[in-house]
Amino acid sequence: MKFKVELEQETDGRWIAEVAELPGVLAYGESRQKALAAAEALALRVIAERLEQGETSPEEVNLSFVPA
């Protein structure tokens, strides 16, 4: 699994990071790096939940996050 993280700075200075391939994985941060870290952490939680629920096979999991 390779996920692209879209990063954008809001007009108020906050950064927003989104992983489009994982619905609901959207995070804000006061810096680009903090937004990216928060989005990656949330993506890992979503993937862990999918593994626990049997929606994703462990063999399918080999993660990479690439800032866009």
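## Surface and burial

The accessible surface of the protein chain is about 4500 Å², and carbon and sulfur atoms account for 48% of it. These values come from a predicted model. The protein chain has 68 residues, of which 25% are buried.

## Secondary structure

Of the contacts between residues at least 6 apart in sequence, 34% link residues at least 24 apart.

## The β1–β2 hairpin

β1 and β2 are paired antiparallel, with five bridges between them. Within this pairing, Ala17 of β2 lies opposite Leu7. Five residues separate the two strands of the hairpin, and Gly13 has a positive phi near 100°.

In soluble globular proteins, nonpolar side chains tend to be buried together. Here the largest nonpolar core contains 14 residues, and Val5, Leu7, Ala17, Val19 and Leu22 have the most contacts inside it. At least two core residues come from each of β1 (2–9), β2 (15–19) and α1 (32–52). The greatest contribution is that of α1, which supplies five residues.

How values were computed: Residues numbered from 1 in each chain as written. Predicted model: local features only at pLDDT ≥ 70, side-chain atom pairs only at ≥ 80, totals over all residues. Heavy atoms only, no water. Core = buried A, V, L, I, M, F, W, Y, C linked by side-chain atoms within 4.5 Å. Buried < 20%, exposed > 50% of the residue type's maximum accessible area, 1.4 Å probe, protein only. Helix = DSSP H or I, 4+ residues; strand = E, 2+ residues; numbered from the N terminus. Contact = heavy atoms within 4.5 Å. Areas by Shrake-Rupley, 256 points an atom, 1.4 Å probe, with all protein chains shown as cover. Pairing = 2+ DSSP bridges.
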